[in-house]
Amino acid sequence: MSSATLLHLPTSDEIDVAKRSSRTLAKYASVDRVQMSIRGSNGEGEQFVLPGHVMQILLDVLSEISNGNAISLIPHNQEVSTQEAANILNVSRPFLIKLLEGGNIPFHKIGTHRRVKLQDILTYKQQIDEKRNQALDELSELSQSEGMGY
């Protein structure tokens with residue numbers, strides 16, 4: 001798979017097709033495999049089997065497209081640039097550099113360029129999300145114990 005990312009915003013026709021397709025395929029979201037038939041606009045067709053987890057990925061893709069979102073697919077072991085990592089974390093690149101240099105996220109350099117494993121970015125994101133949710137739970141408990149919010 002190429003590491004180059006092509007950004008394509010879906011057209012209104014593609015959004016409609018994605019909505020219809022996801023409604024049809026959603027019936028098969030919890031199966032362990034699904035047999036499919038495909039026919040291209042050139043008339044050629046085939047049948048094949050998809051594992052259940054691939055069907056779920058396809059449904060996720062269709063869901064995003066049906067919401068008008070552009071998507072990209074990145075292999076889990078892929079290394080990303082600091083800008084790509086910052087985009088994934090929804091932070092600025094300078095802030096990400098501070099996280100890297102502070103030892104919060106592992107990285108290595110290729111020449112003068114920092115590279116970060118996508119897996120490390122996703123692990124950091126999960127840890128931060130868990131801490132955020134824990135803090136929100138604590139604030140919610142505190143406000144309830146103080147009788148706030150009534």
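Tutor: Helices H3 and H4 are roughly perpendicular to each other, a label given to angles of 65 to 115 degrees. Their axes cross at roughly 100° and come within 9 Å; such axes are lines fitted to C-alpha atoms, for helices over the stretch in contact, with angles running from 0 to 180 degrees between N-to-C directions. The model is predicted, so local features need pLDDT of at least 70 and side-chain atom pairs count only at pLDDT 80 or more, while totals for chains, interfaces and linings use all residues. Residues are numbered from 1 along each chain as its sequence is written, and side-chain values use heavy atoms, with hydrogens and water left out.

Helices are DSSP runs (H or I, at least four residues), as are strands (E, at least two), numbered from the N terminus. From H3, Thr82, Gln83, Ala85, Ala86 and Leu89 meet Arg93, Leu96, Ile97 and Leu100 of H4, where contact means heavy atoms within 4.5 Å. By class, the residues of this contact comprise six nonpolar, two polar and one charged; Ala, Val, Leu, Ile, Met, Phe, Trp, Tyr, Cys and Pro count as nonpolar, Asp, Glu, Lys and Arg as charged, and the others, Gly among them, as polar.

Within H3 (residues 82-89), Thr82, Ala85, Ala86 and Leu89 are buried, that is, under 20% relative accessible area with a 1.4 Å probe, protein chains only. Seen down the axis of H3, these buried residues fall within an arc of 100°, so they line one face of the helix. They pack against strand S3 (79-81), helix H4 (93-101), strand S5 (113-117) and helix H5 (118-145). Just after H3, Asn90 adopts a positive phi of about 60°.

Note on methods
Buried < 20%, exposed > 50% of the residue type's maximum accessible area, 1.4 Å probe, protein only. Arc of directions from axis to C-beta. Parallel < 35°, antiparallel > 145°, perpendicular 65-115°, else oblique.
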